[in-house]
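Open the model in a viewer, with the sequence alongside. The stops below say what to select next and what is there.

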Amino acid sequence: KYDILCLYIIFSFMAQEIERQFVVDDQHPEWLRLREILPKSRLIQATIYRGERNKLRVRIIDDLQTGEKKAFFAFKVKHKTKKDEPTLRDEYEWEVPPRVALYSMIGHIEVYKVRYHYIHTDGAVWDIDEYEGANAGIALADLELDAIHTNFSRPCFLGKETTKNKNISNNSFSTHPYANWSDEEKIAYHDLKQRVKMKKKDEK
């Protein structure tokens, strides 16, 4: 009964995460300009449990402006969505002491990245991650939406969308990092940096 009650409490407080992901053209002049002035944090994270459609992630965030360090556990449950729709997850996140997070990561593969916080011209907040370590060379942008069909404007330095590409994800980067990719895989990723023909809602 106690376990059922705990699960009920967790699921009652879960937030919904609706997200799209794009590859960043890390050599685009506008991105090279922005990355020098945007606020940023260094992230270390690991997935310490992975189920069929759920996972438990631990993350340490080091604010590179203030020096403040925080850590969080996040339990995520993924829902099925259509191919052209964003990723939809239920998420419950809680803060823990950084030393607890570090201890929890022991024996698990860690992923390292620097996260930039960018507010676009339409007011949308993008998280832009430049990966480090074994995944250096990868740069991705994530946007959380209010609803599945929310319209948004894409920054000019974004390439193709990879929301449903399982090979371009933190799960994949932990088991098959960029450093181990074949030449063909790296060429395919490079091609994703090239932007598709813009639509009216895209930023010019």
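This is a predicted model: local features need pLDDT of at least 70, side-chain atom pairs count only at pLDDT 80 or more; totals for chains, interfaces and linings use all residues.

Start with His-190, which is partly exposed because its relative accessible area is 43%; buried means under 20% relative accessible area, exposed over 50%, and partly exposed in between, with a 1.4 Å probe and protein chains only. His-190 is found in helix α5. Helices (H or I, at least four residues) and strands (E, at least two) are DSSP runs, numbered from the N terminus.

Residues are numbered from 1 along each chain as its sequence is written, and side-chain values use heavy atoms, with hydrogens and water left out.

Ala-179 lies in the loop between α4 (170-175) and α5 (183-192). Not counting residues up to four places away in sequence, Ala-179 touches Ala-134 and Lys-186, where contact means heavy atoms within 4.5 Å.

Next, select Asn-135, in the loop between β7 and β8. Is Asn-135 buried or exposed? Asn-135 counts as buried, because its relative accessibility is 4%. A polar atom of its side chain lies 3.3 Å from the backbone oxygen of Phe-173. Neighbours within four places in sequence aside, Asn-135 is in contact with Phe-173, Pro-177 and Tyr-178.

Zoom out and colour by secondary structure. The protein has five helices and nine strands, and from the N terminus on its elements run α-β-α-β-β-β-β-α-β-β-β-β-α-α. Of its 204 residues, 41% count as buried. Among contacts between residues at least 6 apart in sequence, 62% join residues at least 24 apart.

Now show the nonpolar side chains. In soluble globular proteins, nonpolar side chains tend to be buried together. A nonpolar core is a set of buried Ala, Val, Leu, Ile, Met, Phe, Trp, Tyr and Cys residues joined through side-chain atoms within 4.5 Å. The largest such core has 20 residues, of which Val-24, Trp-31, Tyr-118, Trp-126, Ile-128, Phe-157 and Leu-158 touch the most other members. Two or more residues of this core come from each of β1 (15-24), α2 (29-34), β6 (111-119), β7 (125-131) and β8 (139-144). Apart from this core lies another, of 11 residues, including Ile-138, Ile-168, Phe-173 and Tyr-189.

Centre on Ile-128. Which residues does Ile-128 touch, not counting those up to four places away in sequence? They are Val-24, Trp-31, Val-114, Arg-115, Tyr-116, Tyr-118, Leu-140, Ala-141 and Phe-157.

Move to Gln-45 in strand β2 (residues 40-50). Gln-45 counts as buried because its relative accessibility is 4%. Its side chain is joined to that of Arg-59 by a polar contact of 2.7 Å; a polar contact is a pair of N or O atoms within 3.5 Å, and within protein one must be able to donate a hydrogen and the other to accept it, with residues adjacent in sequence counting only if both atoms are side-chain atoms. Beyond four places in sequence, the contacts of Gln-45 include Arg-57, Val-58, Met-105, Lys-113 and Asn-170.

Last, select Tyr-92 in strand β5 (residues 87-96). Tyr-92 is partly exposed because its relative accessible area is 22%.
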